Number of protein chains: 2
Amino acid sequence: MRIALKIAYDGTKFFGFQRQKDVKTVEGEIIRTLQKLGIIEDPKRSNFKGASRTDRGVSAFGNVVAFDTENPKLATPRILNHHLRDIWVLGIAQVPEDFHPRYAAKEKVYRYYLVDEGFDLEAMERCARLFLGTHNFSNFAKLEEFKNPVRTVKEISITQKNGLIMMEFVGESFLWEMVRRIANALKLCALGLLSEEEIRDMLELKSDKKVPPAPPENLVLWEIRYPNASFELDEYSIEKAKREFFERFSAAVIKASIFRDWLDAL
Amino acid sequence: MRIALKIAYDGTKFFGFQRQKDVKTVEGEIIRTLQKLGIIEDPKRSNFKGASRTDRGVSAFGNVVAFDTENPKLATPRILNHHLRDIWVLGIAQVPEDFHPRYAAKEKVYRYYLVDEGFDLEAMERCARLFLGTHNFSNFAKLEEFKNPVRTVKEISITQKNGLIMMEFVGESFLWEMVRRIANALKLCALGLLSEEEIRDMLELKSDKKVPPAPPENLVLWEIRYPNASFELDEYSIEKAKREFFERFSAAVIKASIFRDWLDAL
């Protein structure tokens, strides 16, 4: 039986997604837990695959992993969440034998958060529109050999909430660091440090100027959309995750308030 | 020459203030840095003293340490801050040879932060007034042998800001866990779970009920007041600390926003 899990994680607690020797990674922790519970023996033999190898520091609300198991009884969100730390299983689905969470994905949604430094949001919106559609994103990505640099950005929406700016990006797939580099370009636009013309030139490869990536801690892989996926989650796991998210929210709000007071006092 | 330093630190990054073997503590890091720079050789010989041994998790904006040195040239906030992480030297003063930062203190100020869960602030204010003045705080402290449990609370102020409640406590000195236990009592009052009468009984030792301490991460040792201290800080160190406090503030605000979105989405 092949199972897919929808997982959330706090990226600041890991050395990235991909398993590595001697450091705590998201994939490493998930595999270790599945092995400990006897759900899989070996990631290779169980054809363990992740949808997105998010960079160090990047969080996810809806990354997806899949694996074969002959022992699916213990592979429930409730049991897995009991053993995982800083990772939450937020859905489970039985999938076809040939399901690969990366190649089966129809769309990916990313969210990038910025503290509002007095941005020109109209300029940001105008620049955002330039990225929509199909372009060669070579100047907005860390290029990998043999990868097609042409991608399609379907939607970019910018919303203001709680003194923050949140940008949401929807596309079929993105190049390495592409979301963070576009996010940085939009921030530079909003500060008047990058013009629409410069972006147009970079997208048309008339300029070889590159935009560096914005910090990873502000990025969340929000959702991966599949044509026929229906992830399920039990009530108990929802309530437990909600309590834990509220605790993390509270701790962060208090830390923000402490440092704001320190800033005001200096 | 004896020198006193006013120091801030993020308590979530340390195993408490007091030096311990094999774990990162505030005092341990400061001593290590002073030794590395040749400012002191040995904490005992240089009569190194801290004002307040804050518990694990507790932060400070204004704790104070003092030590003798024959090499005061490198003991500047600018140089020390270059070497310290998660600790900031926010003031320096030359002090008398017999200066002990704990016994010389005239008053201490603590701040406790709470996420507003729909508190009854009037009830909180009424309960706060009961703690003012001189009482036997045995039921609101972790008692230590040979310590006088009678203390004087001079002021408690409660303010609401940014959706949070901040309580400020001023007193000559406080018992172990006393601020966190009073903070918890006030929170329980504000939720209707503890009455004024119960608090009065506990303060008059008519009840041996004890209130457990509220979490340490929400507590900041805000200030220690001395009769004649005048800590100085150079412009460069102020600007550097401001930048770093803003970075920490931003990271926390973004983390809060991420977890709030996760909470809303479940």
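In this predicted model, A:Cys127 and A:Cys189 form a disulfide with their sulfur atoms 2.3 Å apart, a disulfide being a pair of cysteine sulfur atoms within 2.5 Å. The model is predicted, and local features need pLDDT of at least 70, side-chain atom pairs count only at pLDDT 80 or more, and totals for chains, interfaces and linings use all residues. Residues are numbered from 1 along each chain as its sequence is written, chains are lettered from A and ligands numbered from 1 in the order in which they are written, and side-chain values use heavy atoms, leaving out hydrogens and water.

By this rule there are two disulfides over all chains, listed here.

| Disulfide | S to S distance | Torsion about S-S |
|---|---|---|
| A:Cys127 and A:Cys189 | 2.3 Å | about -95 degrees |
| B:Cys127 and B:Cys189 | 2.3 Å | -95 degrees |

The link of B:Cys127 and B:Cys189 is left-handed. B:Cys127 lies in helix 3 (residues 121-131) of chain B and B:Cys189 in helix 4 (residues 178-190) of chain B, so the pair ties together parts 62 residues apart in sequence; helices are DSSP runs of H or I with at least four residues, strands are runs of E with at least two, and both are numbered from the N terminus. Both B:Cys127 and B:Cys189 are buried, that is, under 20% relative accessible area with a 1.4 Å probe and protein chains only, where exposed means over 50% and partly exposed lies in between.

The UniProt annotation "binding site", from an unreviewed entry, covers A:Tyr110, although such annotations may be inferred rather than shown by experiment. A:Tyr110 lies in strand 5 (residues 107-115) of chain A and, at 9% relative accessibility, counts as buried.
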